[in-house]
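Here is a short briefing on one structure. Please look over the sequence and the model before reading on.

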Amino acid sequence: MVKIEDIQNYGKEHLESVAASATNLQSGVQAIATAYGDYAKKSFEDTKSFVEKLSGVKSLDKALEAQTEFARSSYETFVAESQKIAGLYTDLAKQAYKPYEGLVAKFTPAAH
């Protein structure tokens, strides 16, 4: 038989889980936004530096060399930052659902 106290406790636990999840979600989204902002700033600075370097080049060979170096560097930075941001999304998902583990465990039948 279900008691009123059990229902009240479940409601309280659920509310606490929702609040904890929201807090985790907020901090995770903020970390992701910061990572995107840092990457955009670095990308802008690298592009600015490349344009300055390219404007001082006097031969086609040096221009191609500078462009190749910029493309390689940009690609490496993109891959590294993408992996970092993907990790932040993974951490966000784990942290957002962590408060619900206790509630799910209560209603999941034990394996025998």
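This is a predicted model: local features need pLDDT of at least 70, side-chain atom pairs count only at pLDDT 80 or more; totals for chains, interfaces and linings use all residues.

Leaving aside its neighbours within four places in sequence, which residues is glutamate 81 in contact with? The answer is Ala35 and Tyr39.

**Glutamate 81**
- Glutamate 81 sits in helix α2, which spans residues 60–97.
- The residue is buried, yet it has no salt bridge.
- A salt bridge requires the side-chain nitrogen to be within 4 Å of a carboxyl oxygen.

**Aromatic pair**
- The structure has one aromatic pair.
- Phenylalanine 50 and phenylalanine 70 have ring centres 4.3 Å apart and planes at 15°, so the pair is stacked.
- The pair links distant parts of the chain, with its two members 20 residues apart.
- Phenylalanine 50 belongs to helix α1 (residues 4–55), and phenylalanine 70 belongs to helix α2.
- Phenylalanine 50 counts as buried because its relative accessibility is 14%, and the cut-off for buried is under 20%.
- Phenylalanine 70 counts as partly exposed, because its relative accessibility is 21%.

**Confidence**
- The average pLDDT of the protein is 85.
- A score of at least 70 is reached by 86% of the residues.
- Helix α2 has the highest confidence, at a mean of 94.
- Helix α3 (residues 101–107) has the lowest, at a mean of 69.

Notes
Residues are numbered from 1 along each chain as its sequence is written. Side-chain values use heavy atoms; hydrogens and water are left out. Helices (H or I, at least four residues) and strands (E, at least two) are DSSP runs, numbered from the N terminus. Buried means under 20% relative accessible area, exposed over 50%, partly exposed in between (1.4 Å probe, protein chains only). Lys and Arg count as positive and Asp and Glu as negative; His and the chain ends are not counted. Contact means heavy atoms within 4.5 Å. pLDDT is the predictor's confidence in each residue, from 0 to 100. Rings of Phe, Tyr and Trp (its six-membered ring) pair if their centres lie within 6.5 Å; planes under 30 degrees apart count as stacked, over 60 as edge-to-face and the rest as tilted.
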